[in-house]
Amino acid sequence: MKIIFVGLFVTFLAVQDCQAEVPELSPGILLLGGGFLYGFNSYGYGENHEIPADEVAVQLISQSKEDSAEDSKKSLAERIEMLNEKINEFEYKFLIYDAVSGKLEKKFEELRETVTAIKDRQVPKFEKIGSKYYYIDDTDEVNWFDAAHKCRSMGGNLADLQSAEELRAVSEKLTRLQYWLDINDLAEEGVFQLLSSGRRADFLQWHAHEPNNKNVENCVVLVKYGSTYAMNDNHCETKLNFICEKDKLE
């Protein structure tokens, strides 16, 4: 019995020391055992309350749920904040993409305009005159060699007029003063040949006093004197219009 009394006295002193160090305690519960709890209030240990353990468990679970809900709210707020950051990031990327795509669209529009301009550009068209097809260039003045090259790039050659009838029919389509033909005497003076075939020209209809080879004139043009077109020799480097021909269209 003495031992029990001493133990209780020591316990009482320990409690007094705790009260001196902690003058005010928050409401709480202490588990003493046997399925009951000893309760105390914020003023110390004043009142004793025996509370069944199952009721305390319910209170603890309820508090745990409230804490969990609070944590969930915080977690949801953090997720929303992260989502907002992502939205801002995508919005920024979209603005950049929109700016870049706008520039690309402008480039595509310029490209489309260029393609349209190329398509709309007047493509050399050969016109059937008599039994052959002719392209009469009234805009591009070049020397005889370049004229021959241009006709070949179109799949033809400089014009080889083979009769007075052909000359007359083609002349009706001409609007400029002089046009290069396929005829030249570069290989031998006075011997007029066709560049396209190398054979001698079968038909030559000269203006009066032509050809005169004045100052080395080796390439033949169709030139207008008065109202009539006829042939004349000219300097091969002179820049003039030209006439191309084809036997058939591709």
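The protein chain contains four helices and eleven strands, where helices (H or I, at least four residues) and strands (E, at least two) are DSSP runs numbered from the N terminus. This is a predicted model, in which local features need pLDDT of at least 70 and side-chain atom pairs count only at pLDDT 80 or more, while totals for chains, interfaces and linings use all residues. Residues are numbered from 1 along each chain as its sequence is written, and side-chain values use heavy atoms, with hydrogens and water left out.

**Chain totals**

- Of the 250 residues of the protein chain, 26% count as buried, a class that means under 20% relative accessible area, against over 50% for exposed and partly exposed in between (1.4 Å probe, protein chains only).
- Among contacts (heavy atoms within 4.5 Å) between residues at least 6 apart in sequence, 57% join residues at least 24 apart.

**Helix α3**

- Helix α3, residues 144-153, has Trp144, Ala147, Ala148 and Cys151 as its buried residues; seen down the helix axis, these fall within an arc of 100 degrees, so they line one face of α3, the arc being that of the directions from the helix axis to the C-beta atoms.
- These buried residues of α3 pack against β5 (132-142), β6 (157-158), β7 (178-184), β9 (219-225) and β11 (240-246), whereas the face turned away from the buried side carries the exposed residues His149 and Ser153.
- At the start of α3, a side-chain oxygen of asparagine 143 comes within 3.1 Å of the backbone nitrogen of phenylalanine 145, and just after the helix glycine 155 adopts a positive phi of about 85 degrees.

**Loop between β8 and β9**

- Histidine 209, in the loop between β8 and β9, has a positive phi of about 70 degrees although it is not a glycine, and at 74% relative accessibility histidine 209 counts as exposed.
- Asparagine 213 also has its place in the loop between β8 and β9; its phi is positive, near 50 degrees, in a residue other than glycine, and asparagine 213 is partly exposed, with a relative accessible area of 26%.

**Ring at phenylalanine 126**

- Lysine 246 lies over the face of phenylalanine 126, at 4.5 Å from the ring centre, under a criterion that asks for NZ of Lys or CZ of Arg within 6 Å of the ring centre and within 35 degrees of the ring normal.

Terms used. A polar contact is a pair of N or O atoms within 3.5 Å; within protein, one must be able to donate a hydrogen and the other to accept it, and residues adjacent in sequence count only if both atoms are side-chain atoms.
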